[in-house]
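Let us take a walk through this structure together. Please have the sequence and the 3D view open as you read.

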Amino acid sequence: MIMGLEVLILQYGITVKLQTYLKMKNLAAPVNEELAFCWDIQKLRVQNRNVFVAINTSSRYGVVAAGMKLADVKDMPVFMKKMISMGMYCIGYDMKQIECYFQIAGDAVLTKTHGRKAVGDMNRAIMDMGFFDDTFFSDEYYQPEFSSYINRDICKPAGFDTYGYPEEFFKSDMERLKI
């Protein structure tokens, strides 16, 4: 037990398109124990760059990374831990809090996506990304501007009964988890 919570499973739902890119087969269906530890990941091409978008199933909070090659994302759990950590850091979490999140989340597993609602939320978050020019991208893998952009949309994510902003919902989940 960590801070009164049992260790759970950190789940990364991989879209069919990303499964094909990574040459993955036969992923298990997700087990939705705690949606705050579930993320769905999509790969797309924007301005001739590989762009990876990960959306938290509970809050619809998203992180964006760009410019990676296949070798950079081959170990998806390591790659996603870096991206989620950067996203959390950019919205005010310190390294101790970030490590606490991953410690509570437990081992990472790759699964199929977390259902139609989660994939729809992800598609809505990335819908307008193709309209930006090259100057919108930073030189780093983690894309703070794009990440901020996809978190500005008012939504009603799977983990909440009201409308609001993804970042606020994510922070509510973290408070609930005592992080």
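What follows goes from the overall plan to the sheet, its helices and a few single residues.

This is a predicted model, in which local features need pLDDT of at least 70 and side-chain atom pairs count only at pLDDT 80 or more, while totals for chains, interfaces and linings use all residues. Residues are numbered from 1 along each chain as its sequence is written, and side-chain values use heavy atoms, with hydrogens and water left out.

Start with the overall plan. The chain holds 7 helices and 5 strands; here helices (H or I, at least four residues) and strands (E, at least two) are DSSP runs, numbered from the N terminus. Read from the N terminus, the elements follow the pattern β-α-β-β-β-α-α-α-β-α-α-α. Of the 179 residues in the chain, 48% are buried, where buried means under 20% relative accessible area, exposed over 50%, and partly exposed in between (1.4 Å probe, protein chains only). Contact means heavy atoms within 4.5 Å, and among contacts between residues at least 6 apart in sequence, 67% join residues at least 24 apart.

Now look for the sheet. Its 5 strands form an open sheet with mixed pairing, in the order β4-β3-β2-β1-β5; two strands pair if DSSP finds at least two bridges between them. At the edges are β4 (62-66) and β5 (108-111), each pairing on one side only. From one strand to the next, the twist averages 25°. Axes are lines fitted to C-alpha atoms, for helices over the stretch in contact, and angles run from 0 to 180 degrees between N-to-C directions.

Within this sheet, β2 (residues 38-46) and β3 (residues 49-56) run antiparallel and are joined by 8 bridges. The hairpin of β3 and β4 has 5 residues between the strands, and Arg60 takes a positive phi near 65° in it.

Helix α3 (residues 76-90) lies across β1 (10-14), β2, β3, β4 and β5, at about 115° to β4. Helix α5 (residues 116-126) lies across β2 and β3, running at about 40° to β2.

Val119 is found in helix α5. This residue is partly exposed, because its relative accessible area is 23%. Not counting residues up to four places away in sequence, Val119 touches Asp40 and Thr113. Val119 and Ile41 are 78 residues apart in sequence, yet 8.9 Å apart in space, C-alpha to C-alpha.

The chain exposes about 9,100 Å², of which carbon and sulfur atoms supply 53%; accessible areas come from the Shrake-Rupley method with a 1.4 Å probe, and for residues only the protein chains shown count as cover. Tyr165, in the loop between α6 (144-150) and α7 (166-176), is partly exposed, with a relative accessible area of 34%.
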